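Subject: Structure handover

Hello,

Below is the structure for you to take over. My notes on it follow.

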Amino acid sequence: YDAFRRRCHCPHCADNTQKIISPMAKLEATRHTVMAGGYADNYSNSFETREEYKQVSEDMERIHTKIGLPLKATYTDIRTDPDILKKLGKEGEEAPCYTFLGISWNLRSNTVLPNTYFNLNKKLKGQSGEMKLMEMKPDEFTETFLAGITRRVLSRLAAQAYDRLGLFIGPIISGLKILVSRSTELSTATQLDKSLAKVDMEFVNTCGKFLKDLPNLKKLKPHPKELIPQGNRLLGIYGMRDGGVPGYSSISYIGSIAKDNKVTTRVCSTKGRVSKRTIPAHEALSGALQAEETRKIAQVLSHRPEIADTELQVLLAGDSICVATLFNPRIVMKNVLLKTAIMAVKDKCQDIIRLFPKATIQLAWMDGKLNAADSTSKLMFENVEIMNSKLYRNGPGNLHYDNEERVVFYRITKDKEEWIPLPEKLIMRAKADTEKIQKAETSETFANNKPEEVEECQICHQ
């Protein structure tokens, strides 16, 4: 992964990229870099060989010098260019980093971390506030601190949770969204600085418990820079989804295979949304969100000429048996929201097929114990521990092969769509879960959702 910094990113320069810079490129890889790798004031791309990297670097520098906009610098890791730290004047640094797009890239270890700080106070003349949540100690989360929690403070922290893909701090982003959503119910737009402790102390204690874990981000393990290790080839995109009381989410992984057939999966994206609908609705909507996130990943991968013809494996998994049954073409859905969500999943899958004509897309059910998307659909309090876990970073070990814990119920290829009936034992399990929920207390299952608002099951109509 190599970032080529450029001087200007105004609309005129964006037009000139296609009209002037691209035609000047001698190499196809250079043309691909300027056309598909530009974002803000950076170019970024990755290359299969060190020689290709050097050739593209020289071509890029030649072009931009010729048009009077020389590159500020070229960044890569020391394995790609052993002299890169000397060129950047960073050879004396123990952890030489390049920070861009909210990411801190260690050029020595070739790993990446989110660039987080979480100021509690607003900036003054461009300078960060004095109170930084990341520097607080556990004994500083006192009653005085809790009394200072307001809607404005929570909104400020949520805005600072910047992660373009969500793979680094997805559970924290979702958690802060949930807290902000609740704070808007407790205070109006004219009460942004009103202490929430005066309104709902239980909620403030929940906020304190959540925020107390944020300083542990200093213990977050670095992620490998590359999603596909050197020497591996792309195998597929694997996603999981979940719906809960606060909202719904999805998490996606890139799978690759080595020459010895060892498969590696690495998290590449998470996305969570806060919603006020019912749990069944959230489960269905998570499918549409998951399909859209997978389509975006496929679109990015399709820009790479060397993998555009890959027989891509795509797995969209969830733990809702009822939602799985909604894909049965014999079922007539009366609920417009659920029907639209299912249609959206199928439409996004067709978009993926158009990007990768040889792809095979499978929709599957997996046990909730293996669902990594749980961490971004609910409010968690040990987020750093979750984000350091193997389940979050690499997903369940059975994502990429058929097994009893992964039941495929719908398959899509270029030529056909196929519904695969669910095993009878799963249907019986769904009915047993329904009976258990009906006997439980409302507060145990639906929290703030009113029982009469729950959508009826499309299988048993209860």
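Setting aside neighbours within four places in sequence, Ser-275 has contacts with Val-245, Pro-246, Gly-247, Tyr-248 and His-282. With His-282 there is also a polar contact between the two side chains, at 3.0 Å. Ser-275 sits in the loop between strand S11 (263-274) and helix H9 (279-302). Its relative accessibility is 13%, so Ser-275 counts as buried, the cut-off being under 20%.

Please keep in mind that this is a predicted model. The protein chain has a mean pLDDT of 84, and 87% of its residues reach 70 or more. Confidence is highest in strand S10 (residues 247-257), with a mean of 94, and lowest in helix H16 (residues 442-445), with a mean of 40. The pLDDT is below 50 over residues 440-454, a stretch that has 18 contacts in the model beyond near neighbours in sequence. It is also below 50 over residues 458-462, where the model has 14 contacts beyond near neighbours in sequence.

On to the aromatic residues. The structure holds six aromatic pairs. In one of them, Tyr-75 and Tyr-98, the ring centres are 3.7 Å apart and the planes are at 5°, so this pair is stacked; the cut-off for stacking is an angle under 30 degrees. Tyr-75 belongs to strand S4 (residues 74-75) and Tyr-98 to strand S5 (residues 97-100), so the pair links distant parts of the chain, 23 residues apart.

Another pair, Phe-327 with Phe-409, is tilted, with 5.6 Å from centre to centre and 45° between the planes. Phe-327 is in the loop between helix H10 (321-325) and helix H11 (336-355), while Phe-409 is in strand S14 (residues 406-412), so the pair ties together parts 82 residues apart in sequence. Phe-327 and Phe-409 are both buried. Together with Tyr-410 and Trp-419, these two residues form one aromatic cluster.

One charge over a ring is also on my list: Lys-209 lies over the face of Phe-381, 4.5 Å from the ring centre.

Regards

How values were computed: Residues numbered from 1 in each chain as written. Predicted model: local features only at pLDDT ≥ 70, side-chain atom pairs only at ≥ 80, totals over all residues. Heavy atoms only, no water. pLDDT = per-residue confidence, 0-100. Helix = DSSP H or I, 4+ residues; strand = E, 2+ residues; numbered from the N terminus. Contact = heavy atoms within 4.5 Å. Phe/Tyr/Trp six-rings, centres within 6.5 Å; stacked < 30°, edge-to-face > 60°. Buried < 20%, exposed > 50% of the residue type's maximum accessible area, 1.4 Å probe, protein only. Lys NZ or Arg CZ within 6 Å of the ring centre and 35° of its normal. Polar contact = N/O pair within 3.5 Å; in protein donor to acceptor, adjacent residues only side chain to side chain.
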